Amino acid sequence: MKKAAGLTGHQPGAWTAAGGTVPAAPAASAPGTPAADLSTRGRVTQLLLERRAATAAQLGDALGLSPAAIRRHLDAMLVDGDVIAREQAVRGHRGRGRPAKVFLLTDAARSRCGTHHYDNMATAALRWIARTGGSQAVERFAAEQVAALEARCQAALADAGDDPMARAEALAAALTAEGYAASASTIASGGQLCQHHCPVAHVAAEFPALCEAETTVISRLVGTHVQRLATIAHGDGVCTTHIPGPPRAQSGMTVTTVRTDR
């Protein structure tokens, strides 16, 4: 499996957090902005949700836009406060000229994508649950919250077979449809599932039981033990889950797994 479903084919507004769709287009554009421009900027937003950072050339290639056209949209999004620009880090020898700039979504733009709506109320509710019922009550609540997501993803994996890597690829497509902008890929030690967007990141930063319940669901859906290596809630750029490959006979070797989400 070289590459699994990411945002390709994902339609803005597909994710429902509480029964409603979430608009993908920036909400703070200047009055009178043409609908076509809003649509394109919504697609730029979706790409940056998936990739976290991208150059103008990368965004233009993905959207089939000329350099002048993509820069016009990015300039407008910079003015609106939807994106910020940083110099691209260059490893090794750097050629002549300044390095290309990469563009990232601002927190305000992410919040308009539905990422952080109702965070304060959700956090307050979980604090009350923890105070009155203890940590076990929070864990039960978290497990119940992801149960519906598990059921929907299970249905999407019905034809994926038993191979964990194939199931991870199908799961990535299902999670993308749920708004997580997910992708799956193979690596030397097996595979990994990446979620580039988290609807509950701010709440999960205080209550990691939400991430733990999600990891448990991923393990059940993939059909093997998995290891969460990074989370957006912890401050990482993407939620990364390692899926170990088939065991290989390795005499005298010790395998060490490093966690970064604690």
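In what order do the strands of the open sheet of four strands come? Here are my notes on that and on a few other spots, with the reminder that this is a predicted model.

1. **The four-stranded sheet.** The order is β4-β5-β7-β6, the sheet is open, and the pairing is antiparallel. The edges belong to β4 and to β6 (227–230); each has a single partner strand, so one side of each has no neighbour in the sheet. On average, neighbouring strands here are turned by 25° against each other, direction ignored.

2. **How β4 and β5 connect.** If you trace the chain through β4 (residues 182–187), you go through a hairpin of two residues and come out in β5. Six bridges hold this antiparallel pair together. For a landmark, look for Ser183, which sits opposite Cys194 in β5.

3. Gly190 has Pro244 in β7 as its bridge partner. As for cover, β5 (residues 190–195) is mostly hidden, with five of its six residues buried.

4. **Out to β6.** Three bridges join β6 and β7, in the antiparallel sense.

5. **Gln195, worth a click.** This glutamine lies in strand β5. Is Gln195 buried or exposed? Its relative accessible area is 2%, so Gln195 is buried. Leaving out residues up to four places away in sequence, Gln195 touches quite a list, including Leu175, Tyr180, Glu214, Ile218, Arg228, Val238 and Thr241. Ile232 is another of these contacts; it is 37 residues from Gln195 along the chain, yet their C-alpha atoms are separated by 8.6 Å.

6. **α6 against α8.** Helix α6 (residues 164–177) packs on helix α8 (residues 209–222) with the axes 9 Å apart and an angle of about 125°. The two helices are therefore oblique to each other. On the α6 side the contact uses Pro164, Arg167, Ala168 and Leu171, and these meet Ile218, Leu221 and Val222 in α8. By class, that contact has six nonpolar residues, one charged and no polar.

7. Where does Glu150 lie? It is in helix α5 (residues 119–156). With 16% relative accessibility against a cut-off of 20%, Glu150 counts as buried. Once its neighbours within four places in sequence are set aside, Glu150 is in contact with Val217, Arg220 and Leu221. Leu221 also takes part in the contact of α8 with α6.

8. **The cysteines.** How many disulfides are there? The count is zero. Take Cys211: the nearest cysteine sulfur is that of Cys198, 6.1 Å away, whereas a disulfide needs the two sulfurs within 2.5 Å. Cys211 is buried, because its relative accessibility is 14%. Cys153 is buried as well, with a relative accessibility of 2%.

9. **The three-stranded sheet.** There is also an open sheet of three strands, in the order β1-β3-β2 and with antiparallel pairing. Its edge strands are β1 (54–55) and β2 (83–87), each pairing on one side only. Two bridges join β1 to β3 (residues 101–105), and this pair runs antiparallel. Thr55 stands opposite Val102 in β3. This sheet has a helix across it too: α3 (residues 67–80) lies over β2 and β3, at about 110° to β2.

Conventions:
Residues numbered from 1 in each chain as written. Predicted model: local features only at pLDDT ≥ 70, side-chain atom pairs only at ≥ 80, totals over all residues. Heavy atoms only, no water. Buried < 20%, exposed > 50% of the residue type's maximum accessible area, 1.4 Å probe, protein only. Axes fitted to C-alpha atoms, helices over the stretch in contact; angles between N-to-C directions. Parallel < 35°, antiparallel > 145°, perpendicular 65-115°, else oblique. Contact = heavy atoms within 4.5 Å. Nonpolar A, V, L, I, M, F, W, Y, C, P; charged D, E, K, R; others polar. Pairing = 2+ DSSP bridges.
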